[in-house]
Amino acid sequence: MSVCLETSEAHLFGSEMHHLISSLYPICRSITGDGVRKTLHILQQLIPLQIYEVPTGTPVFDWTVPKEWNVRDAYVKNCLGEKIIDFQASNLHLLNYSTPIHQTMPLSELKAHLFTLPEHPEWVPYRTSYYKENWGFCLSHNTLQSLEDGEYEVYIDSSLEDGHLTYGEYYLAGETDDEVLFSCHICHPSLCNDNLSGIALATFLANHLSSLTRRYSYRFLFIPGTIGSITWLCLNANQTHRIKHGLVVSGVGDAGKMTYKKSRKGDAEIDRIVAHVLKYSSHPYALEDFSPYGYDERQYCSPGFNLPVGRLTRTPFGQYPEYHTSADNLDFVKPAYLADSWMTYLAIIEILEQNRRYANTNPQCEPQLGKRGLYEAFGGKQDKKDSEMAMLWVLNLSDRNHTLLNIAERAGMKFQVIRNAAVALLNAGLLQEC
Ligand code: ZN
């Protein structure tokens, strides 16, 4: 298959992804609850994903599916009855997973439940308390400093009850059962780069791949961070051996350079493909070794699974000031960066699909390329020279043991040049597929 697109087409996709992000932005998501369901229902308008509901209390390895959290309203009012913090204005104002409360209290008592970012006094931080019952509000430091002593009415109309953990899954069968996994987290409320950009990219990739012939099968997971991947791995432990390559998709809409965090294996095919694509991308990039911290690659790469799953983002989480704040908004993610990430992911998928092994049918001394018209098969002078070298490399290393990527790495040439040479040699009967 050919998965790559023209740049102009990519920009259109960048705008459409940004549009999807805008529609998901107002929803109050968490690791459970109706915000996740609403998000998945919107994605179902683009891809026919399956929605799964796992009951509260289900044991998943060393963890337990938590109670389901939902929120209808929350605010803090001053003694004049004015809402000085309002969940309806931004869902970031509420500590995610806050328990219900309706009480009047002095500022001194309220302050123990208020969270701000003094270093960015205009921004509202994003905070959670999933596994320890608590309530609280997040606000700008400027607002906090403007609060006068006195009584405040605190109201949180939320519920924390037995329910479900909800996740979405979309499986696209290919020619083989071998799978490529794309996983993104869907548990953050109004945050664009961290969570929504990955959701948008994964959705558009799934939609795009659905219309192509595929050598691999593809599985897209839309899951709450940590507890979602633990739950999915627990429920699907007997079929994870099919996952041959995987990427955790997130943080793909900011201005930073592409950053790849390798799988725990470090030299898996996906690790080498991503490194190859980034090397030839003509943009700055960074490669990081695996570490047991981060997004859901932590679970996929836990030693009991050790799946070949890396993480491909732009600026890694925590390394930009807007991370987990109200500044990770619709202006922070841009269509052009989403488009660039999209092109990078497609280039990776293209190599995954095309990275095959061949056998040279004329391995005893070099075959004559001229009499088969192979010197004329390629365009300009430099192209001809590169193609000739590429053909020699492919013929020499096509001994059933080397993939086209192995050959490209050894030759120091771009995968597509090696691949084009292989296609020409295949058409001339000098190669056969293994
Ligand atoms: Zn996050």
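Here are some questions and answers about this predicted model.

Q: What makes His-188, Asp-194 and His-324 donors of the zinc ion?
A: Their donor atoms, NE2 of His-188, OD of Asp-194 and NE2 of His-324, lie 2.0 to 2.1 Å from the zinc ion. The cut-off for a donor here is 2.8 Å, so these atoms qualify. Along the chain, the donors follow the spacing H-x5-D-x129-H.

Q: Are His-188 and Asp-194 buried or exposed, and what does that word mean?
A: Both His-188 and Asp-194 are buried, which means that each has under 20% relative accessible area.

Q: Which parts of the chain belong to which domain?
A: The domain assignment gives domain 1 as 7-66 + 164-354, domain 2 as 69-161 and domain 3 as 357-433.

Q: How do you know that domain 1 and domain 2 are in contact?
A: Contact calls for heavy atoms within 4.5 Å, and 25 residues of domain 1 meet that test with 17 residues of domain 2, so the two are in contact. The domain centres, taken over C-alpha atoms, are 31 Å apart.

Q: What area do domain 1 and domain 2 bury between them?
A: About 1,600 Å², with 58% of it on carbon and sulfur atoms. Cys-28, Ile-31 and Ser-326 supply 27% of the area that domain 1 buries against domain 2, more than any other three residues.

Q: How many salt bridges and polar contacts are counted between domain 1 and domain 2?
A: There are zero salt bridges, but 10 residue pairs are in polar contact. On the side of domain 1 that touches domain 2, 13 residues are nonpolar, nine polar and three charged.

Notes:
Residues are numbered from 1 along each chain as its sequence is written. This is a predicted model: local features need pLDDT of at least 70, side-chain atom pairs count only at pLDDT 80 or more; totals for chains, interfaces and linings use all residues. Side-chain values use heavy atoms; hydrogens and water are left out. Domain bounds come from an automatic or database domain assignment. Buried area is the accessible area (1.4 Å probe) that two parts lose on being put together, summed over both. A salt bridge is a side-chain nitrogen of Lys or Arg within 4 Å of a carboxyl oxygen of Asp or Glu. A polar contact is a pair of N or O atoms within 3.5 Å; within protein, one must be able to donate a hydrogen and the other to accept it, and residues adjacent in sequence count only if both atoms are side-chain atoms. Ala, Val, Leu, Ile, Met, Phe, Trp, Tyr, Cys and Pro count as nonpolar, Asp, Glu, Lys and Arg as charged, and the others, Gly among them, as polar. Donors are N, O and S atoms within 2.8 Å of the metal (3.2 Å for Na, K and Ca); water is not among the atoms, so sites may look incomplete. Buried means under 20% relative accessible area, exposed over 50%, partly exposed in between (1.4 Å probe, protein chains only).
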